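Hi everyone, thanks for making time for this.

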Amino acid sequence: MSAQVFHQAMGTLQSNRLLNNSGTHHELGNIRVQLIPKCFKLNIELSRNRNFRFGKKNFGIIQATASQTSVIESASSPSNHDTSDSKKKSNEAALILVRHGESLWNEKNLFTGCVDVPLTKKGVEEAIEAGKRISNIPVDMIYTSALIRAQMTAMLAMTQHRRRKVPIIMHNESEQARTWSQIFSEDTMKQSIPVVTAWQLNERMYGELQGLNKQETADRYGKEQVHVWRRSYDIPPPNGESLEMCAQRAVAYFKDQIEPQLQSGKNVMIAAHGNSLRSIIMYLDKLTSQEVISLELSTGIPMLYIFKEGKFIRRGSPAGPAEAGVYAYTRVCNP
Amino acid sequence: MAAAASFFSQSVGTIHVCGCANSSGFCFGKSSSRSISNGFPIHVRLLGKRICSSSHCKLHVVRESNSCALMMDRVSSSSDSSIDNNGKRSIESALILIRHGESLWNEKNLFTGCVDVPLTKKGIEEALQAGIRISNIPIDVVYTSTLIRAQMTAMLAMTQHRHKKVPIITHNENEQANLWNQIYSKETKKQSIPVTPAWQLNERMYGELQGLNKQETAERYGKELVHGWRRSYDIPPPNGESLEMCSKRAVAYFREHIEPQLQSGKHVMVAAHGNSLRSIIMYLDKLTSQEVINLELSTGIPLLYIYKEGRFMKRGSPVGPTEAGVFAYTETLALYRQELDEMSQRTS
């Protein structure tokens, strides 16, 4: 068995052309996150039971046939060789992060923050495309912000999901809301994916800049000041949040509510916003404040992490079933 | 200037419309609520600069040209003329009602009630289509239920609207939510359409039937009992609401919050559910409990009412711009349409 390591300095991962006729397999596409200054290591260790073909590029490609699933144990550090029986079910869970697409204020170039602005037609399409990309990845729970653009993104994406489980939004705002939304059939509950809405996953609150366009803002406050608010880690706009403040409440929520789900083996999708997601990625990838400022997340492109034994392993962005890409799979992700 | 008045009545069934070669007008199409037992008279009086009459139609059909909106006045009752000879206009507002389209549990045939189930792909399409139909009708405020299927229907429909104002959902659930969604630009606020979610517009709460399929329910409770809950006015399912209970809270909300908006001249859209909307229609059309039970609302087909001087006039269902239909307009709507046309001519 061999382990191969490749590095990515800057830019996107080149994907290999993969001859794969089966539409059911999940592939790693280009990693869309740009400007990551750290090296991005991926160790792929191949288990013994299967035969593999290696491509000409500098990383291994596994081709799965329709009848068998390939098994890959991914190790986050080279010293951790898990050579135990490949059939042993590892406690792994998938974590999908989706940043919502274009909103009506993005289109108008207004600072949005926590103003609850819906998606444009384009944003609706981005959500549906995102859904196609994750249509084969198991989802047991969904977390969204309290804002409609993230909720719609999640619901639109899930219309594309193959599994046919039904996302149900949980209501907790009052006793009546709780009582009124109860389900009385066990079968139906088993076929449901709970969707939890949380303000802690909201976009960074932009205070007195909310609703202003860039011109108005530069006029009102001066160009340099605005640049500082937008690009610093810890300087908030007037009556708003700094990225640090946003990170604090988003990551706290993640550790408190979402990580336990992953620990118990639940596959989770989070549909949220640029700043709340970067904050979470900062935690997952252990980035510094300098690195997180430079991190840009593409809209509508889902990002996959595998959670295993307390560690988060980045898996890039799932490509749709028709796209070629690096095939990197884990056992759990096969439906 | 020729004026003609004609009217027709509908006993049971749908209104038949005659063909009208109208590529851009707002047309009065088929009434999509069936089984309305009242006679349904519509008085149509035509005024205005251009009239094209089609002799083989039962109704006088007006063709709108692109450069000038047709002005047409309708009379609400035979005794009351809404525009006097000086052209003074009394306040009218548009009220659009939309029932959301197919949800994931509709597809699976499960009793949904207040369980917050989202739309299917089909439901999404229905919402977009509904949006195309109302893309020329002014909207100043939107009300929805607190359930995602109605909210998504409203937001998807609004992506089709021509006016380019932005719907913004208002958050009031607590101090922080209120503070966090503040807008700091007057200009931006003017270009916003406030969207208010209200639980009082939710679907009828179906109690212990929520999540069950029809088979399970018939087995658990017996067929007749279930039929009683579904088709009666005042018998609730276990721990659920009767249609009467749903009506009470929906109509109370409408009268307290929505009607004042209409009274002040605001144009309103309500995106909600079968039972909450029927309840409201019961109030608007003064239906009896027997009549409201038989009322079926099509999904995704918007219903238009004109509110004027305390009265609600049903205007049927707006037809998309390429569909033929009877042209039935009010001056306010016609002028609004003209503004939209001018706006798009400037930007094109």
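Let me start with a term: I call it a salt bridge when a side-chain nitrogen of Lys or Arg sits within 4 Å of a carboxyl oxygen of Asp or Glu. Before I use it, some housekeeping. This is a predicted model, where local features need pLDDT of at least 70 and side-chain atom pairs count only at pLDDT 80 or more, while totals for chains, interfaces and linings use all residues. Residues are numbered from 1 along each chain as its sequence is written, chains are lettered from A and ligands numbered from 1 in the order in which they are written, and side-chain values use heavy atoms, with hydrogens and water left out.

So, salt bridges. Over all chains, the search of the whole structure finds 11 of them. One is between Lys132(A) and Glu129(A), whose closest N and O atoms are 3.4 Å apart. Both residues lie in helix H2 of chain A, residues 121–133, and they are three residues apart, about one turn of the helix; helices here are DSSP runs of H or I with at least four residues, strands are runs of E with at least two, and both are numbered from the N terminus. Lys132(A) counts as partly exposed at 37% relative accessibility, and Glu129(A) is partly exposed too, at 42%. For that word, buried means under 20% relative accessible area, exposed over 50%, and partly exposed in between, with a 1.4 Å probe and protein chains only.

Now over to chain B. Glu92(B) forms a salt bridge with Lys308(B), with the closest N and O atoms 3.6 Å apart. Glu92(B) is in strand S5 (92–99) and Lys308(B) in strand S10 (303–308) of chain B, so this pair ties together parts that are 216 residues apart in sequence. Are these two buried or exposed? Both Glu92(B) and Lys308(B) are buried. Another pair is Glu309(B) with Arg311(B), at 3.9 Å between the closest N and O atoms; here Glu309(B) is partly exposed, at 43%, and Arg311(B) is partly exposed at 39%.

Asp116(B), Trp180(B) and Tyr184(B) supply 18% of the area that chain B buries against chain A, more than any other three residues. The contact, meaning heavy atoms within 4.5 Å, takes 48 residues from chain B and 49 residues from chain A.

Finally, a word on confidence. Chain A averages a pLDDT of 77, and 68% of its residues score at least 70; pLDDT is the predictor's confidence in each residue, from 0 to 100. Over residues 1–88 of chain A it is below 50. Where pLDDT is low, the predicted coordinates should not be read in detail.

Key. Buried area is the accessible area (1.4 Å probe) that two parts lose on being put together, summed over both.
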